[in-house]
Amino acid sequence: MTTEQTTGQTTGQTTGETTGQQPPRVGFFTDTSVCIGCKACEVACKEWNLVPEDGLTLTGMSYDNTEALGASTWRHVAFIEQTKPLGGQQAHQPHADLDVLALAARGSATPVDEAAMTPTTPGPPTADGRTELRWLMASDVCKHCTEAACLDVCPTGALFRTEFGSVVVQQDVCNGCGYCVPACPFGVIEQREGDGRAFKCTLCYDRLGAGQEPACAKACPTDSIQFGPLDALRERAERRVAQLHAAGVPDARLYGAEPDDGVGGAGAFFLLLDEPEVYGLPPDPRVTTRDLPTMWRHAALAAVTLLGGIAAAHRVFGRKR
Amino acid sequence: MSEARVTRDGLEGVRPGREALFGNGLDGGRRRGRERPVVPQAEFTSYYGRPVLKVPSWEARDIAGYMFLGGLAGAGSALAAAAQFTGRPATARALKLSSLGAISLSTAALVHDLGRPARFLNMLRVAKPTSPMSVGSWLLAGYGPAAGLAAASAATGLLPRLGTAATLAAAGLGPAVATYTGVLLADTAVPSWHEAHRELPHLFAASAATAGAGMALLAGPRRENGPARAVAALAAGGEALALRSLLTSAGHAAEPYRTGRPGRLLTTAKRLAFLGTAGATLLAGRSRTAAALSGATLLAASAATRFAVFHAGIASARDPKYTVLPQRLRLQAEAEAEAEATGAA
Ligand code: SF4
Ligand code: SF4
């Protein structure tokens, strides 16, 4: 099913938003509270964008064997196992046909003997003998920053901003200088080994041009990844946070949704259930080009000092002949 | 799978999935109205200890080497011009030749480090002041030929007027070639580089002066080396000052400069600089051998500084602590300031 959906051949052009004038800025709202960790987004992205294999390893990091975003990983589903209660969730809900306490004590709904691995290792029990555990899953992606460091520092102009407001590498221009790699405050873009050039999420530039939503959003079965005009997504995200707060999930918060944050607001923002760093995201990212005027001033001052020092030294020792 | 569409009037075709509540039962707001807990964090969290940033794939030999050679060339050109105009022709000639050699090698290192070396000319496809690498490429494009002409004219004695003009141009651009690399490193998210963005250009200028003076001592005749000895002393002082201010202002990001390989390199650099400067000021005026030895020591000191800075940055990018902790503390400080402001109002 996924294959059919993501190759996109069956649907063709459905929306005409892109004809005529400048389309609105679009992006992703990734609502991690409904993510089920199926990795359909990772697969759909790889399939659609023909992203090569990036290593088959077992990491021991819960169900995350993808590890991180990179040159050949443009969507990455993070898995976090925590001994924290999930919002207002209670372990003592009546389940007529289930002994949930026994399950919790065992750490898994699958009998240990039957499961080769029990990922839900229970934490220390609470005072009343219960163990509390929650699983956080989040699909990470390039943030398509409003003030994108990668784009600012690219010396060849390979990185550019599209008419949709996304940030894309022109692969025929990139010379693999690798400057964008340490510039990105989120650690997204990377040079592909053996190729040398830098690669990252394109927000499915080709699909947007054809009026289609990106492959990951299309494939997401729970609508954890939502695609649309950014301002509409922001409104929707606000409502979702309010809904979760009202339902007793005080930890729900938006990440990257503020236009006045360190990167001018992200084009791909998130609803998280814990601090950003728990998911491997920087808590307060800043685009470093904001400090560039200061840096150039210091560089100019330093250059002048260097010249001045050399001139002064020669002045002191005077002419030789 | 998501057939829903975002429209300005709201959503169409929504399915309940995205409104789904989760967990095996919700208590209907037992915690309703509770504020998100703002717990001051003493330690930091990370995702399985993985780095938040991507570590640059740059080779230390290529990029730290590039910065060292660029500094040597740039400061050397300024020294060469000063030597030429104060009647020190042998030193001037030697420095022009060394600058040409250094800038050629450094450009080669830069091209070698590209993922697609054949496309290096794409560097001059655009001119972007927001990209220190673009600015640097244009600087090199101007400086390289000037340094080449100056050296060629000095070596052959041909076209003396053009040679002088080129010498002046190289002397003007050289210091910029030497200091822009500080901005190149600082304009990244790498904590130990960015947190040092005010000091790195000064540190690099001083380190370049150390290298240039070292080359003048190594390659110039003894009777001409007075100014080079003074420059070596000035540079050592400047480097110590810049480094001190860097280590105090960089906060947590200063740690990599003190520990591990970069820490050892920096200690080596300091010792070499001390030895070289002492030799240059005390002995180099009297003995040609002492001058050459001090010069070589100063060159090594400058190289060690660049490698130390390079490796400190790499170490800080590898450890999520240096990314997360300072940002967390910054957020905390901002929240406290805000709380104070609202409390006072
Ligand atoms: S997240 Fe990184 S790669 Fe993506 S746009 Fe922002 S700076 Fe560029
Ligand atoms: S690696 Fe390519 S995309 Fe990245 S900064 Fe260099 S030229 Fe630009």
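A:D31 stands opposite A:L271 in β10(A). The model is predicted; local features need pLDDT of at least 70, side-chain atom pairs count only at pLDDT 80 or more, and totals for chains, interfaces and linings use all residues. Residues are numbered from 1 along each chain as its sequence is written, chains are lettered from A and ligands numbered from 1 in the order in which they are written, and side-chain values use heavy atoms, with hydrogens and water left out.

Strand β1 of chain A covers residues 26–31 and pairs with β10(A) in the parallel sense over four bridges. Strands are DSSP runs of E with at least two residues, helices are runs of H or I with at least four, and both are numbered from the N terminus; two strands pair if DSSP finds at least two bridges between them. β10(A) also pairs with strand β9 (residues 253–255) of chain A, here in the antiparallel sense over three bridges. A:F270 of β10(A) is the bridge partner of A:Y255.

β10 itself runs from residue 268 to 272 of chain A, and five of its five residues are buried, that is, under 20% relative accessible area with a 1.4 Å probe and protein chains only. A:A268, A:F270 and A:L272 point one way from the strand, while A:F269 and A:L271 point the other way.

Around ligand 1 are residues including A:C142, A:C145, A:C150, A:C184, A:K143, A:H144 and A:K200, counted when one of their heavy atoms lies within 4 Å of the ligand. By class, this shell has nine nonpolar, one polar and two charged residues. Ala, Val, Leu, Ile, Met, Phe, Trp, Tyr, Cys and Pro count as nonpolar, Asp, Glu, Lys and Arg as charged, and the others, Gly among them, as polar.

The residues around ligand 2 include A:C154, A:C174, A:C177, A:C180, A:N175 and A:T156. Its shell has eight nonpolar, four polar and no charged residues.

An unreviewed UniProt entry lists residues 295–317 of chain A as "transmembrane region". In the model this span is 100% helix and 0% strand, with its end C-alpha atoms 33 Å apart. For chain B, UniProt lists residues 63–85, 135–155, 162–183 and 203–220 under that name, also in an unreviewed entry. Such annotations may be inferred rather than shown by experiment. Residues 63–85 of chain B are 100% helix and 0% strand, and the end C-alpha atoms lie 33 Å apart. Residues 203–220 of chain B are 94% helix and 0% strand, with end C-alpha atoms 25 Å apart.

How values were computed: Buried < 20%, exposed > 50% of the residue type's maximum accessible area, 1.4 Å probe, protein only.
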